[in-house]
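Welcome! Keep the picture open while you work through them.

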Amino acid sequence: MNILICEDDIDIQDLLEIIISSMDIGIHQCNDKTSLYEKLKKEKIDLIILDYWLKKKRADEIIEKIKTEYSSIPVILMSAVSDLPELAKKLNADDYIKKPFNIDELKDKITTILNI
């Protein structure tokens with residue numbers, strides 16, 4: 001199993017890596033849409049954790065492209081926006097995590113989506 005973390009805050013990226021690596025899951029990281037698309041072409045990705053705001057731009061088009069071109073890959077949308085549940089539903093994300101996040105909740109969502 002491999003998870004792609006797309007997050008532009010290096011501290012959050014590092015924290016996610018520590019948490020997920022403790023679950024014996026492979027991790028790939030990126031911090032913008034260009035590197036995300038490159039990783040999707042090169043790596044076998046089973047789940048994407050995507051920050052909604054990347055480099056001060058919303059990730060709407062990224063999710064749309066993933067859901068069109070890589071529809072088998074589930075997406076967990078991550079953000080501190082107040083309307084995250086509605087936003088995740090509107091964008092067809094498979095789930096969402098509100099920042100700041102609860103570690104156990106994050107692990108539960110990952111294991112549920114990946115069926116592990």
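**Exercise 1.** Decide whether D94 is buried, partly exposed or exposed, and find its salt-bridge partner.

*Solution.* 
- Step 1: Start with the classes: buried means under 20% relative accessible area, exposed over 50%, and partly exposed in between (1.4 Å probe, protein chains only).
- Step 2: D94 has 40% relative accessibility, so the label is partly exposed.
- Step 3: Look for a salt bridge, that is, a side-chain nitrogen of Lys or Arg within 4 Å of a carboxyl oxygen of Asp or Glu. The partner of D94 is K67, with the closest N and O atoms 2.5 Å apart.
- Step 4: Helices (H or I, at least four residues) and strands (E, at least two) are DSSP runs, numbered from the N terminus.
- Step 5: K67 is partly exposed too, at 22%.

A note before you go on: this is a predicted model, in which local features need pLDDT of at least 70 and side-chain atom pairs count only at pLDDT 80 or more, while totals for chains, interfaces and linings use all residues. Residues are numbered from 1 along each chain as its sequence is written, and side-chain values use heavy atoms, leaving out hydrogens and water.

**Exercise 2.** Work out which parts of the chain the salt bridge of K99 and D51 ties together.

*Solution.* 
- Step 1: Check the contact: the side chains of K99 and D51 meet at 3.1 Å, N to O.
- Step 2: K99 lies in the loop between β7 and α5 (103-114), whereas D51 belongs to strand β3 (residues 47-51), so the bridge joins parts 48 residues apart in sequence.
- Step 3: Both K99 and D51 are buried.
- Step 4: Widen the view: E7, D51 and K99 form a network of salt bridges. The count for the model comes to eight salt bridges.

**Exercise 3.** Describe the overall build of the protein chain.

*Solution.* 
- Step 1: Count the elements: there are five helices and seven strands.
- Step 2: Read their order from the N terminus: β-α-β-α-β-β-β-α-β-α-β-α.
- Step 3: Find the extent: the C-alpha trace spans about 35 × 30 × 25 Å along its principal axes.
- Step 4: Finish with burial: 47% of the 116 residues count as buried.
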